[in-house]
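Dear colleague,

I am passing on the structure we spoke about, together with some notes on its contents. Please look it over alongside the text below.

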Amino acid sequence: MLAKKLKFILFIPVLPLFFSFLFNKPSNFKEDQLIVWNVGQGQMVTYLSDRYCHHFDMGGEKGKFPKKKIFKLCKKKKNRVRYTHWDWDHIGFSSQAKRIFPSLCRVVLPGQGLPKKRNKRRVIQKIPPCVAQNYPSIKELLWPKTVQPRNSNESSRIFIIKNRVLIPGDSNNRMERYWSSLIEDPIQVLVVGHHGSRSSTSNFLLNSLPHLNLAVVSARRKRYGHPHIQTVKMLKNRGVPLHSTEDFHHIRIPLREGKKLTARPF
């Protein structure tokens with residue numbers, strides 16, 4: 001009887017440690033994930049890792065900033081933003097994001113640097129540059145310096161996440177011919193360029209993505225006609241489903257290693 005009591009007494013100090021582990025698991029127990037936010041016609045994509053929330057663009061339609069959900073996901077993480085280019089539907093939520101994440105910083109400027117228009121330039125300059133740091137799970141495709149973009153869409157920065165997710169901003173068919181041939185990664189997920197416009201997502205690009213099995217887009221067909229029926233058909237003919245935030249609301253993609261990536265409403 002005494003031995004049983006001693007065992008129980010010795011077990012009591014272990015209980016707090018057990019429950020602490022159970023309810024406060026290290027953040028690396030949670031899988032990395034990609035969120036394509038339902039911002040109407042615009043783009044705001046977040047890649048969540050164990051310590052960071054990496055945001056790709058921050059824009060969309062008025063009143064569509066997902067303040068509560070993004071704050072809940074990212075309040076305990078370091079927030080970083082990369083802008084593909086400077087159109088309002090890609091930068092317009094920056095001030096709101098800065099208010100809820102005071103330490104938010106930008107890793108790179110939009111394509112073509114700072115815009116000439118003062119109001120756009122002011123929005124971007126409110127987000128200070130990040131201290132230089134390497135993020136091995138994110139890389140940027142750089143086209144030859146001899147290529148001259150003709151507008152902000154053509155200057156869109158091209159990002160790849162974990163070798164499997166491609167974010168081309170509003171890059172168009174002309175520019176796709178220059179940078180898609182540089183893709184060496186087994187891309188599975190395409191965040192469709194320019195909201196699914198027929199001026200992007202060319203056959204040239206799709207031919208460069210033999211492992212593609214999923215496409216996602218933040219757009220509104222009912223109001224803007226995006227994604228365009230031509231883009232939908234091109235992807236369908238290749239057996240690639242296209243999920244739109246107009247139908248799915250926010251879209252969540254768990255980035256599981258060695259697994260086929262799938263989308264689900266969030």
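The notes that follow go from the chain as a whole to the sheet, and then to the aromatic rings and one arginine.

Please keep in mind that this is a predicted model, in which local features need pLDDT of at least 70 and side-chain atom pairs count only at pLDDT 80 or more, whereas totals for chains, interfaces and linings use all residues. Residues are numbered from 1 along each chain as its sequence is written, and side-chain values use heavy atoms, with hydrogens and water left out.

The protein chain contains 11 helices and 13 strands, where helices (H or I, at least four residues) and strands (E, at least two) are DSSP runs numbered from the N terminus. Of its 266 residues, 51% are buried, a term that stands for under 20% relative accessible area, with exposed meaning over 50% and partly exposed what lies in between (1.4 Å probe, protein chains only). Among the contacts (heavy atoms within 4.5 Å) with a separation of 6 or more, 67% are between residues 24 or more positions apart. The chain exposes about 14,200 Å², of which carbon and sulfur atoms supply 55%; accessible areas come from the Shrake-Rupley method with a 1.4 Å probe, and for residues only the protein chains shown count as cover.

Seven strands make up an open sheet of mixed pairing, in the order β5-β4-β3-β2-β1-β12-β13, two strands being paired if DSSP finds at least two bridges between them. Because β5 and β13 stand at the edges with a single partner strand each, one side of each has no neighbour in the sheet. Strands β1 and β12 (residues 251-254) run antiparallel and are joined by four bridges, and L34 stands opposite I253 in β12. Helix α3 packs on this sheet, where it touches β1, β2, β3 (52-56) and β4 (78-82), and its direction makes about 140° with that of β3; axes are lines fitted to C-alpha atoms, for helices over the stretch in contact, and angles run from 0 to 180 degrees between N-to-C directions.

A search of the whole structure gives five aromatic pairs, counted when ring centres of Phe, Tyr and Trp (its six-membered ring) lie within 6.5 Å, with planes under 30 degrees apart called stacked, over 60 edge-to-face and the rest tilted. One of them is edge-to-face, because the rings of W37 and F266 have centres 6.1 Å apart and planes at 70°. This pair links distant parts of the chain, 229 residues apart, with W37 in the loop between β1 (33-36) and β2 (45-48) and F266 in the segment after β13 (264-265). W37 is buried at a relative accessible area of 0%, whereas F266 is partly exposed at 27%.

F71 and F101 form a stacked pair, 6.2 Å centre to centre with 25° between the planes. Since F71 lies in helix α3 (residues 67-74) and F101 in the loop between α5 (94-100) and β5 (105-108), the pair ties together parts 30 residues apart in sequence. F71 is partly exposed at 36%, while F101 is buried at 5%.

Charges also sit over rings (NZ of Lys or CZ of Arg within 6 Å of the ring centre and within 35 degrees of the ring normal): K69 lies over the face of F266, at 4.3 Å from the ring centre, and the charged end of R177 is over the ring of F204, 4.4 Å from its centre.

Finally, R264 lies in strand β13 and is partly exposed at 31%. Residues up to four places away in sequence aside, R264 touches F248, H250, I251, R252, P254 and R256.
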